[in-house]
Amino acid sequence: MMRYSPVSGISINRIIKLLFGSVFSVDMHKNRIRKSATNEGSSNEFVKERNDGHASTTGYDDRSYNCHGIRPGRMDGNSKDSCAYMIGGIDSDAITSLESNYTQQRKEKDILGDSYPNLFSFVFKNPANRWFVWTLFFAILIQFGLFKYFYPYASFISGDSYVYLETAYHNYSINTYPIGYSKFLRLISVFTKSDTIFVGLQYILVEIAALSLVFTIFYFYNLSRIAKIVLFSFMLFNPVFLYLANYVSSDAFFLFLSLVWFTMLIWTLNRPTNSVIIISSFILFIAFTVRYNALFYPFISVLVLILSKRKILISLLSFTISISLICVFINITADKYKEVSGHRQFTPFSGWQMANNALYAYRYVDSSQRKRVPKRLEMIDNIVRHYFDTTRDITKHPEETMLASTVYMWDPASPLTVYMQHQFKRDSAVSALKKWATVAPMMGDYGNYLIRTYPKEYLRYYLVPNAIKYYAPPVEFLDHYNMGIDSVIMIAKVWFDYKSNKVMTRFKNFEVNVLDFYPILAGVINVTLLLSIISFFVLRGYRYFPELKKGILLVSATWLINFGFSVLASPVALRFQLFPILVSLSFTIVLIDHLLKLANRVEQREHDI
């Protein structure tokens, strides 16, 4: 209970402190020495205690003793002398040292973001980030201008891009791919038909998302200047963003959503607010409607909720709403497919994908070792075996040398497509979507049967090659502009209001070689990240940098779950793996930087001893 003097209203406790300031100051100072000694990650360390019980310090922070409320930066000469007397004889030079260290720590807090309530103010109001901001504005404009000079038209993936445009043009509620990206295309078409503006918007969105992740890392983790420049430069001058954004494909938009979602998760771990939690849940739902790779994202969100342990009620509510929206979307989509095909299914894509994956293993099962299939699968199996028997000559069929690819899903001559056409040979008026969706359950059953019957072959010829691809993902379609084709089909001409169906580049051919380094880079990142995480925990880096521990757990979980999902679900390609690559690279740089700091700290301690 606070006691007050009846005469002046001054607290008795305050009077006692003023009378016996030196005694209280010494005791308080000793307690801080003990706290600092146990906090190995603190930047303020107390060197030693004098034999007479007083302490000498080398640092000062906001939580330390502040001479009865007088901040060092506001001390006049008398205040300094008074404080020196109170803390037991520290002279004015020591006080000056305290001021200097205090000022330095305030600068460090500004750099880390402690003085800024949100990411926007940290980026645009922090003097330490001013040159980053100016650089990114000019670099984005110059890069995009040069790129569009050499590639005046957007790029198109045969099949994918035109399906998205068809879905947007007719405003379909379902099609071969998820409808989220087609809705995005339709929204942009309300304002412009220019493919340059559209590509520019995709590019800016990807850069905003990538740089938001970068500045979020700057905000929460104390990186050296060199580490900051390396990470910032990689995200800003990354050529893959330009080529990815130039394609009319969900890849760039999904990368934008994934990076924003992951950035929100970092904020939820470290400084959760209601708006951050709600936005991350909303982004999760939108990402799911754009690409089904987001199927595993809710598991990562649950992990973050467990690690955060703050804002539990709003987190659970937002997550529940997000999952509820996803479930509603799944049910509506399944009902639509039932109307079209007679089968209630969330996506026919999964059935086709399973059959495609299984055939890459089944091809290597000799006819003498083939087991009898169930009667309902005999027709499709006979078509598949006939196809394999007639395509043994790889000089005529080079596509058969590929491992863990998607040829059997989309090639018109593939046995799966031949089976589909055979089922509807008497009804030529049936739409392509109805054909594709109707046979999807049979494809799923056939693929599932092959995987269960020949698990060793499936492991050897599909899973292992696909895991190797995850280590170093192939560039795939990104190695050519417009897939090497100098024209587009009518839907693209109409949608972007082209004068003709011809596209061109100012380079001598359509080849793209600037991204050839990416598979090697991805492999190096994967190995370095793994070694860095192991080193961080073996050296107990979490004791020195506790703020980094949760971030590493988040990145590790994302990498592992994405690895399992990608290898098992579909053939790996660079454009599908850019999200985990960028996240892994970012935290690889963070870990290396912190491990170097840890090594310097240990070396300094050994030197002091």
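Predicted model: local features only at pLDDT ≥ 70, side-chain atom pairs only at ≥ 80, totals over all residues.
**Exercise 1.** Which helices each supply at least two residues of the lining of the largest cavity?

*Solution.* Residues are numbered from 1 along each chain as its sequence is written, and side-chain values use heavy atoms, with hydrogens and water left out.

Begin with the terms: on a 1 Å grid over the protein atoms alone, a cavity is a set of points where a 1.4 Å probe fits but cannot get out, and lining residues have an atom within 4 Å of a point. Helices are DSSP runs (H or I, at least four residues), numbered from the N terminus. The helices asked for are H12 (250–270), H13 (274–290), H14 (297–308) and H15 (312–341), and H13 gives the largest share, 4 residues. The lining has 13 residues, and Leu265, Ser280, Ser281, Ser301 and Leu305 lie nearest the centre of this cavity.

**Exercise 2.** Classify the ring pair of tyrosine 481 and phenylalanine 510, and decide whether each residue is buried or exposed.

*Solution.* Rings of Phe, Tyr and Trp (its six-membered ring) pair if their centres lie within 6.5 Å, and planes under 30 degrees apart count as stacked, over 60 as edge-to-face and the rest as tilted. Here the centres are 5.3 Å apart and the planes stand at 70 degrees, so the pair is edge-to-face. Buried means under 20% relative accessible area, exposed over 50%, and partly exposed in between (1.4 Å probe, protein chains only). Tyrosine 481, at 3%, is therefore buried, and phenylalanine 510, at 16%, is buried as well.

Note on methods:
1 Å grid on protein atoms, 1.4 Å probe; cavity = no way out; pocket = protein on both sides within 12 Å on 5 of 7 lines; lining within 4 Å.
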